[in-house]
Amino acid sequence: MSDAVATQAEPAESRTAPAGSAKTLLTRRRTYVITACALLLLALPFYLDRFWLQAGLFAMAAAIGAIGLNLLTGATGQLSMGHAFFLAVGAYGYCVFAGERGQEINGLGLPPWLAAVLAVLVAGVAGGLFSPIAGRLKGAYLGIATLALIFIGQHVLFNAENLTGGANGRDVPAMSLFGLTFDESEITVANVPFGSAEKLWYLGLVLTLGCGLFARGVLRGRPGRAMNAIRDHRIAAGVLGVPVARYRGAVFVLSSMYAGLAGVLLALVFQRTVPDYFGITLSLEYLAMIVIGGLGSVAGAVVGAAFVSLLPQLLTRYSDALPLVSAPGTGGVAPGEASRYLYGAAVVAVVLFLPGGLVQLAARRARKHPQEDA
Amino acid sequence: MSDVSTFLELLLNGVSMGSVYALIALGFVVIFRATEVVNFAHASLLLAGGYVTASLHDDIGFWPALGVGIAAAAVVGAAVEFLVMRRYRGHDHSVLAIVTIGVDILLTTELTRRLGTDVLTLGDPWGDAVLTVGGVSIAHTRIAAFVAAALLITAFLLTFRYTSWGVAMRAAAESSETAALMGVRLGRVSLGAWAVAGGLAAVAALFLTVFPTPGLERATSLAALKAFPAAILGGLDSTTGALVGGLIVGVTESLATGYQSELAFMGRGLGDLAPYLVMTLILLLRPSGLFGTKELARV
Amino acid sequence: MTARNPRNRTRTLTATAVAALLALTAACSSKAKDGGDDDKQSAGGVKTGQGISGKTIDLGVLTDMTGVYATLGKSVTQAQQLYVKQVNADGGICGYQLKLTVRDHGYDPQKAVAGYTELAPKVLGFTQFIGSPFVAAVKQRIDGQDKGLVLPQAWSAHLLGSPYVRVIGSTYDIETINAIDFLMKEKGLQKGDKLGHVYFEGDYGENALQGSKYMADKAGLTVVEQKIKPTDNDMTAQVAALKKAGVKGIVISAGPRQAASLVGVAAAAKLNVPVIGNNSAFAPQLLATQAGPALEKNYWVASPSLPIGADTAEAKKLVADYRKAYPKDSLDNGVVAGWTAASVFGEALKKACESKDLTREGVDKALLTLSSFDNGFGVDQDFSDPKAPSSHQSVILQPDKSAVGGMKVVRQPGEAEQAASYTPSAS
């Protein structure tokens, strides 16, 4: 989107290019950092209580959604404020496909894994249906036109009661894969009881990793260059032979599918979908995520998602211990307000002082201290 | 009550609300023309103007308070431009749009914290008086809103056309680089645009919080959301478009609400949604809105 | 893969060691089951469990002080903090001090669910949980594993049916039936008339609509529906539509602002029909606005209990104490709701103490034995049946500037005959 991001992405690519052989892989510090992180992530469910696991799961779902939005807004330069709508399509789609046919609420009773796949596809189709608009509008026009999706979505969620359950939402059927059901029934692993949060944690990790790798592949390959060309100069891209309209439509569909998957994961974590969640605030949060993390890159989306979704929860939880923040009901700045101040300030500060987002910090460090082992 | 007079009443009400939306939408358009930024912080400018007016009118009277409120909102707008927008070194307008979201969160949080759970009145002179002509009744506040909006918009269009600031702004909108080369001070143009948008929002805040609405409170700023479809369907870079867009949104909303029983097959509570549906329809036919500049390149 | 130089071998070894260590320590993580039972026996022979540590009973509060229900959340929370302070000053309950942990979710589902997840393992129960969609969101967990007592500050019939989530006072549907009964008995609404119902999209409004439809069916009325959203502040179009339909009375199940706008516009448009609202459709702050005079003249409110300004000793004491503790804040029915919920919880704790069982189960059971609880706000609450609201009664109030809390009683607690025969459908 911005030149700063584009130039910042280049060295990252050249750095990874020689990492071909097993030897270079083993001699690089990065490999070990990644391994340590992976081990840590795998071990967390054995130690953290449910609150933290749930917070982590929210962050993972947000990361998947943010990666999708970053493909669209960050890499291709299409502003979308309708991301929450596609999250809702995924979440509710999963419930409808997997839910049992009830008295008041309909469901198709499909196997959960199939329901999840179908929900993601439906989100993609919804994105495709919007392409007559998405393909023609640009910039601010597209951004505000996608707002319409939020309002349409909310209207349907509240009114189509036999599908969505209305204002109180509907229960989310537990995921089940290879005979393992991701519900509250406890299984014991190494003497630690595994409930839904612990089990979902691993599912979330797999999904986030898969989504991240896929998006990285897209961004680093031919499509990614075409997308960046469209972002930086649409007309020139067209002249060079990039099928602009087709690309824009396809990215919109892909981004919607990412949002759909994020919606499915969120629904599984929430265990119940409620329409209030999928409003305009959520869309704005996703935009904030990619800006704070860094536009146009997978890492940026993940960092931003973690920041935006964890910050309010941390501030609420440790509200008692923070200076200047008073407990709710005692007057003064409430924790809810404090987290909004910080969040707003973070958006402004990152754009002004770190136009490449938080990942730029890491990139700068890497540039100052080139790979010691390489 | 006859069907005709119900229709007229809904229409008139829609037109007067629409003129208030047009004021907000005009603010968007002014900023967009000068800087090509979509301003999501507009809601908080509106709240700021209303808040200042509401907290001062008891002490200094309504009109001075309104004046101070408008000035305050203009100052806040200009401050946002000077302290934030100007500091951005990149030149991607979508990123700047996202900055305004951050600004909006900051300002709105501060203002709602100050407002707390209060409902503040603005001390306007119209009260709840109603004018009834031939079975059609309309509140004085609504008439005032329409007159004020009409005056302001006319004044604005004239300024835009005949003053040097207006010319500078149109030049900046046409091509900022050329304008800068020709000696237009872009900084001053965009500072002015933000100040004007703030002032317009403060006037809109007044008419959004007087009768038939009980007063200013934390949710008032949500009305700014209605100006989005207004600005877009008229064409983001067209001042006439803002006016027409505002009226279309106001009337659509009023009619969709008033005839909700007749429209019940689409689900009830359509009032909020209807303007967006109309907007989507118009954008399908005209991707740059009704009066927006068409982009000639086809790729 | 083989490591070829010594430095790398060390690294590989370290990594393996770390992995092994993690796997081993997992076994001794604090989460690992120790096999023992959570329940403890204290010195006094009282059985205790989750939510009690040392000499403190932890209670959770999930409120909204920065979102759309900030007005309600603030009053309810402050009243509950006042209750806890007073109970503790009097020596606590069963020798235990009460402690409230407040989490403000700002009406954000993610924060609400996170707040519940954080507090659920630590507290005995929740004296407040604002936002019925969020209660619904965690209901599976409340009913399935947690089983702690939750007192939601929402009066939707959808919440009924769980032995752990207990609604205090009449639900919105029953309240609406009582409200229409008042219009028919005292404000001239008659069989065959049309009745306007302006209601919020969502749980609250739709539950109230169930009540008005039921009552319309029983009493021969026709309901003219007008659904609105919480962001709608100007009721002009709604009034025009209701006027066109020729309604003879209006029920409003929305927020205070919408009620004020509706009453003001109706008066201005010469639609001189009585307007009555549910308990959430009034706030004393409105009396200072332009809508004030119209509200005092032509607006009534149905409420599950007597107002804060009631003429009872308990109410007067509460008013005095609350004013002393929070001199700047207004007294409204949120204070009554919060105080009542806290006292119901306190009463259940006392009963549970008597039967020497302060576990979650013990408190749940103790509440079922409360069949006639009145804390001075005029309505007997019966908690013996989880499927029914704790009362079917409503009080009819009228806005009055001179009254404490801005409301005076115009009809004492009572229930319409139709309300008695009505069974809320929990779905």
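## Chain B: overall build

Along its sequence, chain B runs through the pattern α-α-α-α-β-β-α-α-α-α-α-α-α. That comes to 11 helices and 2 strands. Its radius of gyration is 19 Å, close to the 19 Å that the globule rule gives for 299 residues, so chain B is as compact as a globular protein of that length. Please keep in mind as you browse that this is a predicted model.

If you line chain B up with its principal axes, its C-alpha atoms fill a box of roughly 65 × 55 × 35 Å. Of the 299 residues in chain B, 63% are buried. What share of the contacts between residues at least 6 apart in sequence joins residues at least 24 apart in chain B? The share is 76%.

## Chain C: two domains

Chain C splits into domain 1 (17-33 + 42-170 + 313-391) and domain 2 (172-303 + 395-420). Their C-alpha centres are 31 Å apart.

Where the two domains of chain C touch, 17 residues of domain 1 are in contact with 17 residues of domain 2. On the domain 1 side, the touching residues divide into 8 nonpolar, 8 polar and 1 charged.

## Chain C: a helix pair

A handy way to look at such pairs: two packed helices are described by the angle between their axes and the distance between the axes. In chain C, take helix α11 (residues 333-354) and helix α12 (residues 360-368), whose axes come within 8 Å and cross at roughly 110 degrees. Angles of 65 to 115 degrees count as roughly perpendicular, and that is how α11(C) lies relative to α12(C).

Which residues bring these helices together? From α11(C) come Ala348(C), Leu349(C), Lys351(C) and Ala352(C), and they meet Gly362(C), Val363(C), Ala366(C) and Leu367(C) of α12(C). By type, the residues of this contact are 6 nonpolar, 1 polar and 1 charged.

## Chain A: another helix pair

Now over to chain A, where helix α11 (residues 222-232) packs with helix α13 (residues 244-270) at an angle of about 110 degrees, their axes 11 Å apart. This makes α11(A) roughly perpendicular to α13(A).

On the α11(A) side you will find Ala226(A), Met227(A) and Ile230(A). Facing them in α13(A) are Val244(A), Tyr247(A), Arg248(A) and Val251(A). The residues of this contact divide into 6 nonpolar, no polar and 1 charged.

Definitions and conventions: Residues numbered from 1 in each chain as written. Chains lettered and ligands numbered in written order. Predicted model: local features only at pLDDT ≥ 70, side-chain atom pairs only at ≥ 80, totals over all residues. Axes fitted to C-alpha atoms, helices over the stretch in contact; angles between N-to-C directions. Helix = DSSP H or I, 4+ residues; strand = E, 2+ residues; numbered from the N terminus. Parallel < 35°, antiparallel > 145°, perpendicular 65-115°, else oblique. Contact = placed C-beta atoms within 7 Å. Nonpolar A, V, L, I, M, F, W, Y, C, P; charged D, E, K, R; others polar. Domains from an automatic or database assignment. Rg over C-alpha atoms; globule rule 2.2 N^0.38 Å. Buried ≥ 20, exposed ≤ 12 C-beta atoms within 10 Å, placed from the backbone.
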